[in-house]
Amino acid sequence: MIALSVNNLTVTYDKQPALENVSFAVPEGSLTGIIGPNGAGKSTLIKSILQLLPTLSGSVEVFDEPYKKQKKIIGYVPQRSEVDWDFPTNALDVVLMGRYRHIGWFKRANKKEIEWGKTCLAKVGMADYANRQISQLSGGQQQRVFLARALAQDARIYFMDEPFAGVDAATEKAIIQLMKDWKSEGKTVLVVHHDLQTVEDYFDHVLLLNKTPIQYGETQKVFTLSNLERAYGGKIAFLDKSPVVPQGAE
Ligand code: ADP
Ligand code: MG
């Protein structure tokens, strides 16, 4: 079964194309790494799939239905740097936002919802921080709150934008564990990922992207030197035979 199908998607900012003719189909239960240099359009891709940005042309289907019909089964963990962490709200409220489609806008969460939110915070080691303002959490703790929100939502397909950026080793482990749990539950997960050295460890599918898709498919078929060179335009180096992109080379 195809969980997500993106067909000829083109997205522009001020008439400048950020994505051109992007098409790929993601099988249910897969764990996909979205890989490509800075500015390749990775975040744009996720936001346009989630209809947070207007698309110029193309279509997106989730389990054979248009996005609008499937909102409830889609979870999103945005890039931490794009979130306003000064917004005055506490960790538990952020988690409960993941439930608003279940609770309903403008309605108060009931006791059961609140308990579930707390359970999700506990699952990511944040039980003691439910009432803490999000501005007063460390980067890793903020990311865990977003993981708890995604858990609370109990989606069938998850999008995560650079979840490992700026987090501590323990949080990185928690994220990997969560991705693996979701996969074993048959959920479909797409993750924008920066670190080429861990791609083969973490993901069974890869989308190599640079404005247009270089290739999508199983990691061993897509994550090849020649494809990486096409995506990164020769800005690739090697460390213990693993490809890396040197700092600043993007
Ligand atoms: P990535 O996530 O792969 O680093 P982005 O999707 O953030 O790439 O950006 C793709 C391209 O679109 C970049 O050239 C970026 O500068 C441009 N871009 C992103 N967001 C905007 C915006 N809001 N307005 C104009 N240009 C944008
Ligand atoms: Mg990005």
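Helices here are DSSP runs of at least four residues, numbered from the N terminus. With that in hand, let us walk through this predicted model, beginning at the ligand and then moving on to the helices.

Start with the surroundings of ligand 1. Its shell is made up of Tyr13, Ala18, Pro37, Asn38, Gly39, Ala40, Gly41, Lys42, Ser43 and Thr44. Helix 1, which spans residues 42–49, supplies the largest share of this shell, with three residues. Sorted by class, the shell holds four nonpolar, five polar and one charged residues.

Now look at the polar atoms around the ligand. Thr44 places a polar side-chain atom 2.5 Å from an oxygen atom of ligand 1. Gly41 takes part through its backbone: one of its polar backbone atoms is 3.0 Å from an oxygen atom of ligand 1. Tyr13 uses its side chain, with a polar atom that lies 3.4 Å from a nitrogen atom of the ligand. How much of ligand 1 does the protein bury? On its own, ligand 1 exposes 560 Å², and the protein buries 55% of that.

Next, turn to the way the helices pack. Two packed helices are described by the angle between their axes and by the distance between those axes. Helix 5 (residues 111–123) packs with helix 6 (residues 139–153) at an angle of about 130°, and their axes are 8 Å apart. That angle is why helix 5 counts as oblique to helix 6. As for handedness, helix 5 passes helix 6 in a right-handed crossing.

Helix 6 also packs with helix 7 (residues 169–184), this time at an angle of about 15° and with the axes 10 Å apart. Angles under 35 degrees count as roughly parallel, and helix 6 and helix 7 are therefore roughly parallel to each other. Their crossing is left-handed.

Definitions and conventions
Residues numbered from 1 in each chain as written. Chains lettered and ligands numbered in written order. Predicted model: local features only at pLDDT ≥ 70, side-chain atom pairs only at ≥ 80, totals over all residues. Heavy atoms only, no water. Near = heavy atom within 4 Å. Polar contact = N/O pair within 3.5 Å; in protein donor to acceptor, adjacent residues only side chain to side chain. Areas by Shrake-Rupley, 256 points an atom, 1.4 Å probe, with all protein chains shown as cover. Helix = DSSP H or I, 4+ residues; strand = E, 2+ residues; numbered from the N terminus. Nonpolar A, V, L, I, M, F, W, Y, C, P; charged D, E, K, R; others polar. Axes fitted to C-alpha atoms, helices over the stretch in contact; angles between N-to-C directions. Parallel < 35°, antiparallel > 145°, perpendicular 65-115°, else oblique. Left-handed = near helix turned anticlockwise from the far one by under 90°.
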